[in-house]
Amino acid sequence: MNEPKQIRAGDSIAWWEAFAEYLPVDGWALKYALRGPFEKDIVAYVVKDPDERVTLYDGMIEVLPDLTQVTGDIRSHVKKVLDALEAAIERKASKIQAEYEIEGHRIKYMETETLVTLRNKYRRMYQDERAAAGLGRPTSGVIKIGLG
């Protein structure tokens, strides 16, 4: 199946699918069903008559927020926790971050060794999150854009 793994709310998307055994000329129509609040279950199926239906694919697609409608902090939970842990380790935590709770423990009371262990865990989780989104390792924060 060629459908995207992620789509952004408000964007137009298109892709091509062809199935030799389910041709439009024979009366088949490809349909998609999306369910769920943010990550959507996706089911692709073909129908010919009200009585003929064949499921071809069952998977997931992530619907990202419409960037024209987003306000506030859009970091994932994992990224927020990672940032709070790194700030605490660097002793630059704000009052809010100093009170951040992770797995039932407050950063304010955590030993540095515990903070580092949790930071490493959340760093791996963040890298997994980025990999799942098709992104590479985080860069220095500098975004280079080429024109032309």
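Which residues of H3 are buried? In this predicted model, where local features need pLDDT of at least 70, side-chain atom pairs count only at pLDDT 80 or more, and totals for chains, interfaces and linings use all residues, the buried residues of H3 are Leu115, Leu118, Arg119, Tyr122, Tyr126 and Arg130. Residues are numbered from 1 along each chain as its sequence is written, and side-chain values use heavy atoms, with hydrogens and water left out. Buried denotes under 20% relative accessible area, exposed over 50%, and partly exposed in between, with a 1.4 Å probe and protein chains only.

The protein chain contains three helices and six strands. Helices (H or I, at least four residues) and strands (E, at least two) are DSSP runs, numbered from the N terminus. Their order along the sequence is β-β-β-β-α-α-β-β-α. The chain has 148 residues, of which 23% count as buried. Contact is defined as heavy atoms within 4.5 Å. Among contacts in the protein chain with a separation of 6 or more, 35% are accounted for by residues 24 or more positions apart.

A nonpolar core is taken as a set of buried Ala, Val, Leu, Ile, Met, Phe, Trp, Tyr and Cys residues joined through side-chain atoms within 4.5 Å. The largest such core has 11 residues, namely Val78, Val81, Leu82, Leu85, Ala88, Ile102, Met110, Leu115, Leu118, Tyr122 and Tyr126. Two or more residues are given to this core by helix H1 (77-89) and by helix H3 (112-132). H1 gives the most, with five residues. A second, separate core has five residues, including Ile7, Ile42, Ala44 and Tyr57.

The expected span of a helix is 1.5 Å times one less than its number of residues. For H3, with 21 residues, this gives 30 Å, in agreement with the 30 Å between its end C-alpha atoms. The buried residues of H3 fall within an arc of 115° when seen down the helix axis, so they line one face of the helix. The arc is that of the directions from the helix axis to the C-beta atoms. On the face turned away from the buried side, H3 carries the exposed residues Glu113, Asp128, Ala131 and Ala132. The packing partners of its buried residues are H1 and strand S5 (101-102). Gly134, which follows H3, has a positive phi, near 80°.

H1 has 13 residues, and its first and last C-alpha atoms are 18 Å apart, close to the 18 Å expected at 1.5 Å a residue. The buried residues in H1 are Val78, Val81, Leu82, Asp83, Ala84, Leu85, Ala87 and Ala88. Arg91 follows H1 and has a positive phi, near 60°.

Two packed helices are described by the angle between their axes and the distance between the axes. The axes of H1 and H3 come within 9 Å and cross at roughly 145°. Axes are lines fitted to C-alpha atoms, for helices over the stretch in contact, and angles run from 0 to 180 degrees between N-to-C directions. The crossing of H1 and H3 is left-handed, a term for the near helix being turned anticlockwise from the far one by less than a right angle. On the H1 side, the contact is made by His77, Val78, Lys79, Val81, Leu82, Leu85, Glu86, Ala88 and Ile89. H3 contributes Leu115, Val116, Leu118, Arg119, Tyr122, Arg123, Met125, Tyr126 and Glu129 to the contact.

Individual positions were also examined. Ser76 lies in the loop between strand S4 (53-64) and H1, and counts as partly exposed at 24% relative accessibility. Its C-alpha is 8.8 Å from that of Tyr126, 50 residues away in sequence.

Val46 lies in strand S3 (residues 39-47) and, at 1% relative accessibility, counts as buried. Not counting residues up to four places away in sequence, Val46 touches Tyr22, Trp28, Ala29, Leu30, Glu52, Arg53, Val54 and Leu56. The C-alpha atoms of Val46 and Lys31 are separated by 5.9 Å, at 15 residues apart along the chain.

Ala18 is placed in the loop between strand S1 (6-8) and strand S2 (29-35). Ala18 is exposed, with a relative accessible area of 57%. Ala18 and Asn2, 16 residues apart in sequence, are 9.7 Å apart from C-alpha to C-alpha.
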